[in-house]
Amino acid sequence: MIKYVCAGMFFLFFLQPPGWAQIDEEINVVGLRLLDYGIELPDDILQKRSAVFISVPQKSAQSSERGDWKSLSFQAHGYFKQIGIDAAVYIYLDDVLAGPDASRMYAKYLTEREIKYIIILSKVLVKSGNKIDTTYVAVITQFNGQPDFISNGQKAWKDQNKDLDRVMKNIYRISVRLEFKRTNFLIIDQPEFISGFNIITVKRNESFPTDLRVDKIAVPKFIDYEISSGYPQSPINNRISREIDENNNINSRLNARLENLFSIYPWKYELVDYGLGEEQLFKDGFQYVLLRLNTAGNSIRQMLGYELNQGETDYITVLKKPDGTITFRSIPVSAPVYKYYIKHLVRKEIFIGEVWDADETWDASLEHFIVNLKEKLNK
């Protein structure tokens, strides 16, 4: 059996989208998924709808802000339309994988849109000595209808080239050679973008649940999970399996950090396996679960129902330390951050806290959140 680390405490199967790679390296854009890569495309790719998950490098070496992913989407859409692929919607990869509630919402949306295939299109910076080149990587595989989007071992097609035109022409040549039947004739002229789904389905509270003074909260931990060892053999899958082992080795340290952060929290909590499901957590006696989102700040604010000001360039994070010290940080709106919130397991109400306390690392963000929660419950 191979154990898989649960990236970022949740069931996400992607590592961070590749920003850098080495020249001549086969680039992985599906994180901890071991797929069965083949040379043929799905034979009905020109008859069914597809969703495109886009990733690009950060804005610059000096900035963590999200790069211009919509320009790549426009480029790709022109090719897809000519080929006959109905790329019905474009979504930034980080948003899809921001957290369990976000993934469930996007999966539900893709199902409602009758999406059959997922196309992952990544722009990757490649180092060759002192030179930096760009490589485009495309993976096409079936949407499994679930919030993890892709299942281990399922068939997939992959190509990469420093020229996007060559990747797209390869797709076209395969479809012509195999004489794929085309029924996608009503493809829209411009890409449709979806970002920042509001994940709140019931009630949003800009506060904390005060009954946590008596109710124990479930805190998802970093976990290993197992799948069959008979995964499809390939150089890229073998490398990923080694990366999995390396990631698993740090889990105890990450969970120790979690316990340390909660050492200032005087009420009841327990580190849990969130993968068991929210229904099981409730059966185990929990009323609340601590969850988080990790993507661009402006996407998180949409997901959590904050009002957006299109003129804002930065969000001000209120940083509270256990000693009561308060400082402020300015973080660009499109920079990736972590934001925690609490969810009631039965009523599905969401509690986002009283201040914007998102930060660029998970543990810093969690520390702010716990300090704010403790302060509220002590009143």
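Predicted model: local features only at pLDDT ≥ 70, side-chain atom pairs only at ≥ 80, totals over all residues.
## Getting started

A residue counts as buried when its relative accessible area is under 20%, as exposed when that value is over 50%, and as partly exposed in between.

## Salt bridges along helix α3

Side chains of opposite charge can pair when their charged atoms come close. Across the whole structure, a search turns up 28 salt bridges. Two of them sit in helix α3, which covers residues 100–112.

Let's begin with Asp 101 and Arg 104, whose closest N and O atoms are 2.6 Å apart. These two residues are 3 places apart in helix α3, about one turn of the helix. An α-helix has 3.6 residues a turn, so residues three or four places apart point the same way. Asp 101 is buried, at 6% relative accessible area, while Arg 104 is partly exposed at 31%.

Lys 108 is partly exposed, with a relative accessible area of 49%, and Glu 112 is exposed at 52%.

Glu 360 and Arg 329 make another salt bridge, with 2.6 Å between the closest N and O atoms. Glu 360 belongs to the loop between β18 (350–351) and α9 (362–377), and Arg 329 to strand β16 (residues 326–332), so this pair ties together parts that are 31 residues apart in sequence. Glu 360 is partly exposed because its relative accessibility is 33%. Arg 329, at 29%, is partly exposed as well.

Some bridges also link up through shared partners: Asp 101, Arg 104, Glu 278, Lys 343 and Lys 348 are joined in this way into one network.

Helix α5 runs over residues 235–248. At 1.5 Å a residue, its 14 residues should span 20 Å, and the 20 Å between its end C-alpha atoms agrees with that.

Which residues of α5 are buried? They are Ile 236, Asn 237, Ile 240, Ser 241, Ile 244 and Asn 248. Looking down the axis of α5, you would see the buried residues fall within an arc of 140°, so they line one face of the helix. Pro 235 and Glu 246 are exposed residues on the face of α5 turned away from its buried side.

## A cavity and a pocket

The structure holds 1 cavity of 30 Å³ or more, and the volume of the largest cavity is about 40 Å³. Its lining is made up of Gly 297, Tyr 315, Thr 317, Ile 331, Pro 332, Ala 335, Val 337 and Trp 356. Sorted by class, the lining has 6 nonpolar and 2 polar residues, with no charged ones.

Now for the second largest pocket, which has a volume of about 380 Å³. It is lined by 19 residues, and Lys 70, Ser 195, Asn 298, Gln 302 and Gln 310 lie nearest its centre. At least two lining residues come from each of α1 (69–83), β9 (193–194) and α8 (297–303), with α8 giving the largest share, 3 residues. By class, this pocket's lining has 7 nonpolar, 8 polar and 4 charged residues.

How values were computed. Residues numbered from 1 in each chain as written. Heavy atoms only, no water. Salt bridge = Lys/Arg side-chain N within 4 Å of Asp/Glu carboxyl O. Helix = DSSP H or I, 4+ residues; strand = E, 2+ residues; numbered from the N terminus. Buried < 20%, exposed > 50% of the residue type's maximum accessible area, 1.4 Å probe, protein only. Expected span 1.5 Å × (residues − 1). Arc of directions from axis to C-beta. 1 Å grid on protein atoms, 1.4 Å probe; cavity = no way out; pocket = protein on both sides within 12 Å on 5 of 7 lines; lining within 4 Å. Points joined across faces, edges and corners; volume = space filled by probe spheres on them. Nonpolar A, V, L, I, M, F, W, Y, C, P; charged D, E, K, R; others polar.
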